[in-house]
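Please read it with the sequence and the structure side by side.

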Amino acid sequence: MDTDFSRFTSHFSLKRSAFTLAEVLVTLGIIGVVSAMTVPTLMQNYQRQSYVTQLHKVYNEFSQAYTRYLSDKNALNLQEAGYTDAASMDNFMKTYFKIVKDCGDDGTDCFASEYKKIDGSSLGVVITSGTYDPRNYVLANGASISMIPRQIHVDVNGKKGPNIIGRDVFAIHVFDDGTLDEACASAPCSSDFRETVFNNSCTKQASVWWGCFGKILNDNWQMTY
């Protein structure tokens with residue numbers, strides 16, 4: 001008698017532990033709704049961090065290159081080392097970087113044809129020619145670089161989109177000691193200065209590329225905007 005009862009309860013318990021088709025469908029529906037709400041945010045966060053990681057790599061490569069350059073030249077600063085014109089920049093880049101494309105003073109073949117601000121306003125292209133006599137390159141890491149002696153414009157993934165200032169495109173100031181920061185009076189720039197330039201230039205319709213890089217420095221290499 002006891003054996004029959006235990007078998008009955010065991011069989012009954014197994015039947016009760018199974019899910020019905022309706023329960024499975026409801027569960028899948030809930031998972032689908034939650035995924036639809038969270039996956040886009042997760043993807044955006046991943047993309048932001050991917051851009052920052054690429055920017056950080058470029059930052060480290062240039063910081064190390066300027067340090068090596070000053071050491072090799074036995075100079076205290078870039079001015080003393082002769083880093084003052086297009087020829088010296090070109091020599092610097094070809095000595096310390098692996099370049100896959102040299103666009104000279106015309107960057108149209110190294111950069112996208114148009115760039116935008118985060119608010120959607122168009123900003124045109126990087127410095128490609130004219131008074132500043134820039135030099136433009138594509139590096140082996142995929143980044144496009146447009147530079148004058150005290151300024152670097154970097155598109156961390158080249159012509160590939162989204163080509164938005166503050167996402168994959170940034171302006172970096174080069175100080176005479178090789179420090180990279182925003183264009184303040186002396187490096188390192190203050191947090192307040194970086195925040196001010198960010199609020200005035202990065203995300204708004206302004207004809208400059210400044211402010212975004214400093215904000216990322218302020219936020220410990222995170223894209224919080």
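Predicted model: local features only at pLDDT ≥ 70, side-chain atom pairs only at ≥ 80, totals over all residues.

Lys-215 counts as buried, because its relative accessibility of 13% is under the 20% limit.

**Lys-215 and its partners**

- Lys-215 forms a salt bridge with Glu-195, in which the closest N and O atoms are 3.1 Å apart.
- While Lys-215 is buried at 13% relative accessibility, Glu-195 is partly exposed, with a relative accessible area of 23%.
- Lys-215 also lies over the face of Phe-198, at 5.2 Å from the ring centre, and Phe-198 is itself among the buried residues of helix 5.

**Other salt bridges**

- The count for the model comes to 10 salt bridges, and some of them share partners, joining Asp-90, Lys-94 and Asp-102 into one network.
- Glu-114 and Lys-116 meet through their side chains in a salt bridge with an N to O distance of 3.7 Å; Glu-114 is partly exposed at 38% relative accessibility, and Lys-116 is likewise partly exposed, at 34%.
- Arg-135 and Asp-133 form another salt bridge, with their closest N and O atoms 3.1 Å apart, and Asp-133 is partly exposed, with a relative accessible area of 34%.

**Aromatic pairs**

- The model has 16 aromatic pairs by count, one of which joins Tyr-59 and Phe-213 in a tilted arrangement, 6.0 Å centre to centre and with 45 degrees between the planes.
- Since Tyr-59 lies in helix 2 (residues 21–73) and Phe-213 in helix 6 (residues 212–218), this pair ties together parts that are 154 residues apart in sequence.
- Phe-213 also pairs with Trp-221, and this pair is edge-to-face because the planes of the two rings stand at 70 degrees, with the ring centres 6.1 Å apart.
- Both Phe-213 and Trp-221 are buried, the relative accessible area of Phe-213 being 1%.
- Elsewhere, ring pairs link Phe-62, Tyr-66, Tyr-69, Tyr-83, Phe-92, Tyr-96 and Phe-97 into a cluster.

**The buried face of helix 5**

- The buried residues of helix 5 are Arg-194, Val-197, Phe-198, Ser-201 and Cys-202.
- Viewed down the helix axis, these buried residues fall within an arc of 105 degrees, and they therefore line one face of helix 5.

**The surroundings of Leu-70**

- Leu-70 lies in helix 2 and is buried, with a relative accessibility of 9%.
- Leaving aside residues up to four places away in sequence, Leu-70 touches Ala-75, Leu-76, Asn-77, Leu-78, Ala-81 and Asp-177.
- The C-alpha atoms of Leu-70 and Glu-80 are separated by 8.9 Å, although the two residues are 10 residues apart along the chain.

Definitions and conventions: Residues numbered from 1 in each chain as written. Heavy atoms only, no water. Phe/Tyr/Trp six-rings, centres within 6.5 Å; stacked < 30°, edge-to-face > 60°. Helix = DSSP H or I, 4+ residues; strand = E, 2+ residues; numbered from the N terminus. Buried < 20%, exposed > 50% of the residue type's maximum accessible area, 1.4 Å probe, protein only. Lys NZ or Arg CZ within 6 Å of the ring centre and 35° of its normal. Contact = heavy atoms within 4.5 Å. Salt bridge = Lys/Arg side-chain N within 4 Å of Asp/Glu carboxyl O. Arc of directions from axis to C-beta.
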